[in-house]
Amino acid sequence: MTTILIFLFTALAFLLNPSESRLSLDFYRQSCPQFSKIIQDTVTNKQITSPTTAAATLRLFLHDCLPNGCDASVLVSSTAFNRAERDHEINLSLPGDGFDVVVRAKTALELACPNTVSCADILAAATRDLVVMLGGPYYNVYLGRRDSRISKSSLIDGHLPKPAMPMSQIIEIFSSKGFTVEEMVALSGAHTIGFSHCKEFTSDIYNYSKSFQYDPQYNPRFAQGLQKACADYRNNPTLSVFNDIMTPNKFDNVYFQNLPKGLGLLKSDHGLFTDPRTRPFVEKFAADEKSFFQAFSQAMQKLSLVGVQTGRRGEIRHRCDQIN
Ligand code: HEM
């Protein structure tokens with residue numbers, strides 16, 4: 001009787017979440033016991049020499065997972081016959097450091113355990129380790145993802161949020177992947193690190209409307225500062241500004257504290273505070289870093305499971321930028 005019950009429970013768990021039940025925390029225990037240490041060492045060295053790596057990798061991970069799953073499809077380079085995801089307009093600003101940290105880890109892992117570790121697992125684990133390095137919460141990353149055999153720029157549209165989208169559309173993108181509004185707000189707390197290029201918000205700070213020079217949701221001194229910082233953006237498209245001007249290199253809840261003060265950078269950041277559906281969560285996370293960390297880690301764990309390929313689907317890529 002007990003055996004039958006255990007079998008039924010296992011079968012039920014599998015049916016409810018087949019992808020998760022095929023992944024495991026110790027997936028590489030036998031095949032690549034050095035997995036965690038190699039990722040840790042690579043990530044640490046890279047972040048120390050290039051401090052923009054953590055934010056770059058976190059955004060890269062989001063851009064891998066939301067369109068058709070965490071399958072390293074964003075890492076593939078285009079060929080003469082295929083325009084890959086990374087060449088979609090929205091991905092052109094993904095910084096090289098995120099790609100580079102994965103390539104470094106892959107090179108080290110191929111030496112230690114050839115043909116064993118997927119690029120998708122490397123990206124997922126490296127992201128978590130980098131979040132932790134900047135002071136963010138630890139969360140479990142289940143392993144065993146396989147790499148996609150396709151990467152098409154044409155499959156990206158409608159799967160990634162843009163700053164000018166109405167909040168309903170942003171909520172819809174996340175809810176179509178299984179995220180609640182609270183989880184979406186928690187994930188957006190990722191803007192506690194990193195930066196945005198001026199072109200992402202210039203329409204909000206110059207000639208905003210007939211009556212306003214800049215979007216009145218901005219704190220006036222902040223808006224003036226942004227106007228100055230971005231003054232030369234047409235000639236210099238690399239100009240960029242920290243997403244969280246108060247503590248840009250620390251993973252904390254200050255991003256949420258900034259929003260009610262008009263110190264959000266992107267239209268979508270302001271939107272989280274003005275929209276009545278998202279505002280309660282902004283207020284909760286601003287007041288209580290613990291609740292932000294809890295919600296963020298739970299949502300990141302969920303993000304890392306979106307659409308994963310396991311078992312015999314997909315492949316273990318030899319090189320992260322090329323399908324085998
Ligand atoms: C809610 C809707 C969101 C919108 C509209 C949005 C949009 C953007 C934009 C336009 C940038 C600037 C990119 C650049 O100029 O290089 C950015 C940066 C960033 N985003 Fe988001 N994002 C959203 C949510 C998220 C989420 C959920 C995450 C992660 C879980 C995330 C992580 C990041 C990170 C870490 C950066 C900084 C990248 C860097 O410094 O290189 N974002 N985001």
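Trainee: How far apart do the C-alpha centres of domain 1 and domain 2 lie?

Mentor: The C-alpha centres of domain 1 and domain 2 are 24 Å apart. This is a predicted model, in which local features need pLDDT of at least 70 and side-chain atom pairs count only at pLDDT 80 or more, while totals for chains, interfaces and linings use all residues. Residues are numbered from 1 along each chain as its sequence is written.

The protein chain splits into domain 1 (21-158) and domain 2 (167-302), with bounds from an automatic or database domain assignment. Between them, 14 residues of domain 1 are in contact with 14 residues of domain 2 (C-beta atoms, placed from the backbone, within 7 Å). On the domain 1 side of this contact, α4 supplies the largest share, 4 residues. That side is made up of 9 nonpolar, 4 polar and 1 charged residues.

Now the ligand. Its shell holds 25 residues, the closest being Ala55, Ala190, Gly194, Ser196 and His197 (near is a C-beta atom, placed from the backbone, within 6 Å). Two or more shell residues come from each of α4 (53-65), α8 (181-188) and β1 (195-197) (DSSP runs, helices H or I of at least four residues, strands E of at least two). With 5 residues, α4 gives the most to this shell. By class, the shell has 13 nonpolar, 9 polar and 3 charged residues, Gly being counted as polar. Domain 1 and domain 2 each give at least three residues to the shell.

Notes: Contact = placed C-beta atoms within 7 Å.
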